[in-house]
Structure formats: C-alpha cells, structure tokens
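Have a go at each task before you read its solution.

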Amino acid sequence: MSRSAVAISTGSDEGPLEWIKRGECRGVDTNVFFTAASVEFAKSICARCPVRQPCVDYALIYERRDTADKDMGVYGGMTYEERRSYGRRRRTAARRAQND
C-alpha cells in the first residue's frame, strides 16, 4: 500500500493498519476497488467484511489530507461520493452532540 499509514482504532491493541489483514479484500485484485465497472462487485466484498468501519475511517482521513487524489475507489463499501456524504453526516452529528 503506497498510502501513508494512518492509525485507525479498532478497539484492540493492533498497530496502525493491522486491521487490513482481517479485511475481506485481502488477496483480491485491487483493481476491483478502483474501477468504475466493478463498483457493485467491490461493494459486495465489503458487505461481508469485519473491518468496514476502520476502512471507511482510513479513507476519510486520507482524503482530507490529500487533495490531489479524490476518487480513491471503494473503501468500506462506499464510493468517494458516498463517503463524503457519510463524513458530513458524521461531523454534523458530532457537532450536535457537543451542543447538547
């Protein structure tokens, strides 16, 4: 993986990105997750994955850091646009929770 390591908490003592080893995507050709024609197939792999949340969190963090590569493909069962929407909803919910 050429992307910079980002520590994502999975509630265990794993190191940064160790959760990837438990992903359903391990061993699958990465082009599946980065090709428009295979989005639904990629999502079907993610649907049964035990590390969907840390995967989405990783993508959200990475996308905020790097403005050059915005279409990262499918992560955690979500496309870039779906992750953007999810991230906005999550930030809004967090702000509301702080104000309560």
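This is a predicted model: local features need pLDDT of at least 70, side-chain atom pairs count only at pLDDT 80 or more; totals for chains, interfaces and linings use all residues.

Numbering starts from 1 along each chain as its sequence is written, and side-chain values use heavy atoms, with hydrogens and water left out.

**Exercise 1.** Work out the secondary structure, then find where confidence is lowest and highest among its elements.

*Solution.* Start by counting: there are three helices and zero strands (DSSP runs numbered from the N terminus, helices being H or I of at least four residues and strands E of at least two). Read from the N terminus, that gives α-α-α. Next, check confidence: H2 is lowest, at a mean of 87, and H1 is highest, at 97. Finally, look at residues 1–7, where pLDDT stays under 50.

**Exercise 2.** Is lysine 43 buried or exposed, and what does it touch?

*Solution.* First place the residue: lysine 43 sits in helix H1, residues 39–47. Its relative accessibility is 19%, so it counts as buried (under 20% relative accessible area, with exposed over 50% and partly exposed in between, using a 1.4 Å probe and protein chains only). Then list its contacts (heavy atoms within 4.5 Å): setting aside neighbours within four places in sequence, lysine 43 meets Val74, Gly77, Thr79 and Glu82.

**Exercise 3.** Describe the lining of the second largest pocket.

*Solution.* Count first: 13 residues line this pocket, with Leu60, Ile61, Arg64, Gly87 and Arg91 nearest its centre. Now trace where they come from: helix H2 (52–65) and helix H3 (80–99) each supply at least two, and H3 gives the largest share, seven residues. Last, sort them by type: three are nonpolar, one is polar and nine are charged (Asp, Glu, Lys and Arg count as charged; Ala, Val, Leu, Ile, Met, Phe, Trp, Tyr, Cys and Pro as nonpolar; the others, Gly among them, as polar). In this scheme a pocket is an open set of points on a 1 Å grid over the protein atoms alone, where a 1.4 Å probe fits, with protein on both sides within 12 Å along at least five of seven lines, and lining residues have an atom within 4 Å of a point.

Definitions and conventions:
pLDDT is the predictor's confidence in each residue, from 0 to 100.
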